[in-house]
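Reader: I have a model open on my screen and would like to learn how to read it feature by feature. Could you walk me through it?

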Amino acid sequence: MDLHLAGRVAVVTGASKGIGRAIALELADAGADLVVNARGEAALAAVAAEIRGRGRQAEPVVADVATPAGTAEIVARTRARFGRVDVLVNNAGKGAPKRLLDLTDEDWAAAFALNLMSAVRLSLACVPLMRVQGGGRIINISSRVGRQPDPYFAPYGAAKAALINFTKNLANAFSKDGILSNCVVPGLVRTEAVLEAAAASAAATGRSVEEVLAATLQKRPIPAGRLGEPGDVAGLVVFLASDRAGWITGSTFTVDGGIVPTAP
């Protein structure tokens, strides 16, 4: 299937690892040039090299999207290198387990700065560019806990739930301009962060990483019978970025192997 992304410019945040890296590489495979962002310079440079190896252009931008300065840097570098942005994927995000009673105001503020406000700022900064060129795509990456709250990830889940709501607001406001906005909600995906958490649990309990993951699946079964892979999410994101998704906007898509129950 030709997704007609040749010559288009995509911005992907949190692109150095996991789901973000998979999205960036799949967009490159579909013909897009990339602006990739993360905080880790070495890992980001490696992704940019992979994109160039696929015959596409890559502009790595090391910046913290949780800050207004980080957003401004990404937009400035995108305009200077390509002069346009056709696809924005707000993937940057992170959560850390902590009991509700132990959370501080700083924990809540940091979670919202990274997991919500980074997408708010970057989306609204890209809308004027997309308007001038006649349209674009904004795809926000939320999380299962944004729809199925977990008390150990309350700030992260609340921010990701707000991101789902913000995506609908974007769609309602700008779809008439050809700027289509959608949200993707991954479940438990085999990313570096998940494997690192499993490794820490394995070291603390004397089990192997695979035993820890098996115990996780036993405690919270996934109907599909396995963890997700980054490519499971990336494929949907690239489709939503394409012309084949030209009448899809304001929607939220769960990619989780069936773990999140359907609302009544």
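Predicted model: local features only at pLDDT ≥ 70, side-chain atom pairs only at ≥ 80, totals over all residues.

Reader: Let's start with helix packing. At what angle do H1 and H2 pack?

Author: First the general idea: helices (H or I, at least four residues) and strands (E, at least two) are DSSP runs, numbered from the N terminus. Axes are lines fitted to C-alpha atoms, for helices over the stretch in contact, and angles run from 0 to 180 degrees between N-to-C directions. Here H1 and H2 pack at about 20°, and their axes lie 9 Å apart. H1 and H2 are therefore roughly parallel, given that angles under 35 degrees count as roughly parallel, over 145 as roughly antiparallel, 65 to 115 as roughly perpendicular and the rest as oblique.

Reader: Which residues of H1 and H2 meet?

Author: Contact means heavy atoms within 4.5 Å. From H1 come Arg 21, Ala 24, Leu 25 and Ala 28, which meet Val 47, Glu 50 and Ile 51 of H2. By class, this contact of H1 with H2 holds five nonpolar, no polar and two charged residues. For the classes, Ala, Val, Leu, Ile, Met, Phe, Trp, Tyr, Cys and Pro count as nonpolar, Asp, Glu, Lys and Arg as charged, and the others, Gly among them, as polar.

Reader: Is the crossing of H1 and H2 left-handed or right-handed?

Author: A crossing is left-handed if the near helix is turned anticlockwise from the far one by less than a right angle, and right-handed if clockwise. The crossing of H1 and H2 is right-handed.

Reader: How do H3 and H4 pack?

Author: Helix H3 (residues 68–81) packs with helix H4 (residues 105–133) at an angle of about 30°, the axes being 9 Å apart. H3 and H4 are therefore roughly parallel to each other, and their crossing is right-handed. On the H3 side the contact is made by Pro 68, Thr 71, Ile 74, Val 75 and Arg 79, and on the H4 side by Ser 118, Arg 121, Leu 122, Ala 125 and Leu 129. Six nonpolar, two polar and two charged residues make up the contact of H3 with H4.

Reader: Now for charges. How many salt bridges does the count come to?

Author: A salt bridge is a side-chain nitrogen of Lys or Arg within 4 Å of a carboxyl oxygen of Asp or Glu. By this rule the count is 14 salt bridges. One of them joins Arg 21 to Glu 50, with the closest N and O atoms 2.8 Å apart. That pair links distant parts of the chain, as Arg 21 is in helix H1 (residues 18–29) and Glu 50 is in helix H2 (residues 41–53), 29 residues apart.

Reader: Which parts of the chain do Arg 56 and Asp 33 link?

Author: The side chains of Arg 56 and Asp 33 form a salt bridge of 3.2 Å, N to O. Arg 56 sits in the loop between H2 and strand E3 (58–62), while Asp 33 is in strand E2 (residues 33–38), 23 residues apart. Another salt bridge pairs Asp 107 with Lys 98, at 2.7 Å between the closest N and O atoms. There is a network too: Glu 59, Glu 73, Arg 77 and Arg 81 are linked by salt bridges.

Reader: Does Asp 33 count as buried or exposed?

Author: Buried means under 20% relative accessible area, exposed over 50%, and partly exposed in between (1.4 Å probe, protein chains only). Asp 33 counts as buried because its relative accessibility is 7%, whereas Arg 56, at 24%, counts as partly exposed.

Reader: What does Asn 140 touch?

Author: Asn 140 belongs to strand E5 (residues 136–141) and is buried, with a relative accessible area of 0%. Leaving aside residues up to four places away in sequence, Asn 140 touches Asn 90, Ala 119, Ser 123, Leu 163, Phe 166, Thr 167, Leu 170, Asn 182, Cys 183 and Val 184.

Technical notes. Residues numbered from 1 in each chain as written. Heavy atoms only, no water.
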